[in-house]
Amino acid sequence: MSGTMFVLDEVTKVYAGRPALGPLTLTVPTGRTTALIGPSGCGKSTLLRLLIGLIKPDAGTITFDGTPVTPHTNHAVRLRTGYVIQDGGLFPHMTARGNVTLMARHLGWDRARIDSRVAELTELTRFPVDGLDRYPQHLSGGQRQRVGLMRALMLNPDALLLDEPLGALDPLVRADLQTELRDIFQSLGKTVVVVTHDLGEATFFADRVVLLRDGQIVQQGRPAELWYRPVDPFVTRFVQAQRGPAIPAEV
Ligand SMILES: Nc1ncnc2c1ncn2[C@@H]1O[C@H](COP(=O)(O)OP(=O)(O)OP(=O)(O)O)[C@@H](O)[C@H]1O
Ligand SMILES: [Mg+2]
């Protein structure tokens with residue numbers, strides 16, 4: 001598949017007189033994985049919310065699969081786009097199954113269709129079937145992330161937006177889920193935009209990495225380009241910071 005799923009053209013978002021994002025121009029290719037990366041507060045979540053029409057830009061235009069995203073069209077965009085919210089965003093008063101099936105029930109899917117889709121998704125995400133009837137607070141962090149992912153995939157969307165889907169997980173669960181997510185992205189062939197703080201994770205997932213700072217794109221390209229051809233000292237520092245604290249040389 002080729003083409004462009006999302007286009008942002010000179011988009012600006014201002015909060016309380018301060019620009020949170022932009023002016024920013026970006027194209028998101030269809031059927032590929034794009035990682036958004038950058039320091040806390042640089043505008044990553046704001047960018048995802050703009051893509052799915054949850055917030056409106058103060059200037060500029062956004063298109064989804066050729067259609068401008070406006071208050072009139074954003075419902076259609078949301079039906080075609082799965083969104084995994086930062087920190088999960090599961091409804092605590094609903095079971096895992098209730099969370100996953102909410103939109104499908106709202107759209108009037110019949111029971112058999114819902115059950116068969118849930119069965120597919122539990123297999124795809126390796127979610128334990130006995131967890132489906134538990135509430136989010138009775139699931140592990142990794143299981144909650146899988147519920148968020150199942151919920152986002154329920155309607156078989158064309159695009160998938162994930163806001164730090166692996167934040168706050170222990171390193172082993174995180175490593176497992178990284179591998180599973182990458183396999184899922186590759187096997188489904190969807191357009192994926194994934195937010196992460198971690199350049200290693202971005203490199204692992206993505207065909208393209210977009211590095212933001214203060215609401216602006218500093219560098220975008222293949223992951224290796226950021227590692228080996230940083231465009232300015234900020235990128236160099238960002239890359240070096242990813243190497244982490246010192247590992248002992250020997251005992
Ligand atoms: N609803 C809001 N009202 C006012 N300011 C906001 C609002 N949402 C975000 N901001 C501000 O906009 C900027 C960008 O926020 P955003 O949440 O997009 O950052 P982020 O890159 O996702 O950060 P993090 O990595 O910490 O999640 C920040 O300065 C933030 O404080
Ligand atoms: Mg964020």
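**View 1. Asp 9 stands opposite Thr 61 in strand S4 of this predicted model.** Strand S1 (residues 4–15) and strand S4 (residues 59–64) pair in the antiparallel sense, over five bridges. Two strands count as paired if DSSP finds at least two bridges between them, and helices (H or I, at least four residues) and strands (E, at least two) are DSSP runs numbered from the N terminus. An open sheet of four strands has the order S2-S1-S4-S5, with antiparallel pairing. Strand S2 (18–29) and strand S5 (67–68) stand at its edges with a single partner strand each, so one side of each has no neighbour in the sheet.

A note on reading the views: residues are numbered from 1 along each chain as its sequence is written, while chains are lettered from A and ligands numbered from 1 in the order in which they are written. Because the model is predicted, local features need pLDDT of at least 70 and side-chain atom pairs count only at pLDDT 80 or more, while totals for chains, interfaces and linings use all residues; side-chain values use heavy atoms, leaving out hydrogens and water.

**View 2. Strand S8 (residues 191–196) is mostly covered, with six of its six residues buried.** Buried means under 20% relative accessible area, exposed means over 50%, and partly exposed lies in between (1.4 Å probe, protein chains only). Thr 191, Val 193 and Val 195 point one way from S8, and Val 192, Val 194 and Thr 196 point the other way. Strand S3 (residues 33–37) pairs with S8 in the parallel sense over five bridges, and here Ile 37 stands opposite Thr 196. Strand S7 (residues 159–163) also runs parallel to S8, joined to it by five bridges; Leu 160 has Val 192 as its bridge partner.

**View 3. Ile 217 sits in strand S10 (residues 216–221).** With 25% relative accessibility, Ile 217 counts as partly exposed. The C-alpha atoms of Ile 217 and Thr 25 are separated by 8.4 Å, although these residues are 192 apart along the chain.

**View 4. The largest cavity lies between domain 1 (4–80 + 158–241) and domain 2 (96–156), because both give residues to its lining.** The domain bounds come from an automatic or database domain assignment. On a 1 Å grid over the protein atoms alone, a cavity is a set of points where a 1.4 Å probe fits but cannot get out, a pocket is an open set with protein on both sides within 12 Å along at least five of seven lines, and lining residues have an atom within 4 Å of a point. This cavity has a volume of about 50 Å³, a volume being the space filled by probe spheres set on grid points joined across faces, edges and corners. Its lining residues include Gln 145, Arg 146 and Leu 149, and helix H5 (141–153) gives the most, with three residues.

**View 5. The largest pocket has a volume of about 520 Å³.** Of the 20 residues that line this pocket, Arg 78, Thr 81, Tyr 83, Met 103 and Arg 151 lie nearest its centre. Helix H3 (96–106) gives the most to the lining, with four residues. Domain 1 and domain 2 each contribute at least three residues to the lining.

**View 6. The second largest pocket holds about 220 Å³ of space.** Among its lining residues are Gln 86, Asp 87, Gly 88 and Gly 89. Here too, at least three lining residues come from each of domain 1 and domain 2.
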